[in-house]
Amino acid sequence: RFIAKPCAINLGIQDSGPHRAQPNAILEKVFTSITKSPDGKRLEGLSKQLDWDVRKIQRWFRHRRNQDKPTTLTKFCESMWRFTYYLSIFFYGIRFLWTTPWFWDTRQCWYNYPFQPLTSRLYYYYILELAFYWSLMFSQFTDIKRKDFLMMFVHHLATIGLITFSYMNNMVRVGTLVLCLHDASDFLLEAAKLANYAKYQRLCDAFFMLFGVVFIVTRLGIYPFWILNTTLFESWELIGPYPSWWLFNGLLITLQILHIIWSSLIIRTAYKALVRGKVSKDDRSDVESSSEEEDVTSNSTKGVFSTSSNGSNRINGHVASDQWTEE
């Protein structure tokens with residue numbers, strides 16, 4: 001409110017939403033009381049009743065659905081808050097872990113386990129991360145529902161479960177590695193969103209490509225060969241298996257499956273950007289567009305992705321340009 005909004009206004013971002021549907025009492029009644037996405041039979045009936053072309057009615061419903069979405073200014077403020085958090089917590093984690101022995105040797109995570117001291121810096125690192133992911137869990141139900149809602153819900157559940165479980169079992173050393181690794185790419189995605197909202201397209205594309213590289217390296221490279229290696233094999237060797245060992249590693253493997261799914265989406269988006277020079281609408285976007293629509297604004301906008309106000313994940317989004325693809 002006091003920082004992000006003035007920044008957005010200085011960048012020329014207006015507090016205006018998508019194209020609004022023209023007032024129509026009959027269609028509004030159908031939209032509010034019957035369905036927001038009428039089928040072919042209902043469209044034909046409305047076409048005869050109003051003497052409108054079916055495509056015009058489809059366009060009206062699309063505009064009516066979109067006009068309830070947050071404005072670009074709102075989305076900019078949300079992304080700026082997330083960018084600030086992700087960047088701050090990542091550098092806090094790196095600064096803290098740089099001086100710890102387990103950052104350089106993962107076997108140190110299990111030496112003298114479970115009798116490992118919980119320092120104040122480690123404690124606050126855990127509490128901040130847990131509070132943030134709980135906030136994501138709750139806000140997901142109030143934000144616009146997207147196609148990957150279930151996947152993000154599973155991700156938040158697994159993350160909260162891992163943070164809580166590792167804290168209760170004093171597996172905080174390996175837990176800090178997992179947290180820091182996941183924060184490494186998130187602020188780059190939010191930076192790309194901010195650049196997209198401000199219409200700095202080259203900067204947006206650069207941030208997204210950098211995000212994709214960091215995401216794939218950390219989630220498909222470092223995570224399985226560094227984190228999973230120590231939780232699956234080094235812990236088995238040094239402290240042996242125990243009942244909760246299976247749950248802990250099951251949650252970590254669940255995250256890895258989600259990493260693979262999201263990485264495939266990022267690679268597909270980057271490929272389209274390289275081949276076509278721009279990327280088509282995000283498959284999970286909550287703002288709809290149509291190549292058949294006469295509005296030329298979406299055709300004249302070149303973007304890498306359609307952004308989200310939550311995100312996890314977000315390659316999580318609200319579309320500013322109808323062309324932006326999220327994690």
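The model is predicted, so to speak of local features pLDDT must be at least 70, and side-chain atom pairs count only at pLDDT 80 or more, while totals for chains, interfaces and linings use all residues. Numbering starts from 1 along each chain as its sequence is written, and side-chain values use heavy atoms, leaving out hydrogens and water.

**Helix α2**
- Leu27, Val30 and Phe31 are buried in α2, residues 25–33 (buried is under 20% relative accessible area, exposed over 50%, partly exposed in between, with a 1.4 Å probe and protein chains only; helices are DSSP runs of H or I, at least four residues, numbered from the N terminus).
- They cover an arc of only 95 degrees around the axis, which puts them on the same side of α2.
- The face turned away from that buried side carries the exposed residues Ala25, Lys29, Thr32 and Ser33.
- α3 (40–50) and α4 (54–66) are what the buried residues of α2 pack against, with contact meaning heavy atoms within 4.5 Å.

**The nonpolar cores**
- Met171 and Tyr223 touch the most other members of the largest nonpolar core, which has 54 residues (a core is a set of buried Ala, Val, Leu, Ile, Met, Phe, Trp, Tyr and Cys residues joined through side-chain atoms within 4.5 Å).
- The largest share of this core, 12 residues, comes from α8.
- A second, separate core of 10 residues includes Leu27, Phe31, Leu43 and Leu46.

**Thr100**
- Thr100 sits in the loop between α5 (72–97) and α6 (120–139).
- Thr100 is buried, with a relative accessible area of 6%.

Methods. Helix = DSSP H or I, 4+ residues; strand = E, 2+ residues; numbered from the N terminus. Arc of directions from axis to C-beta.
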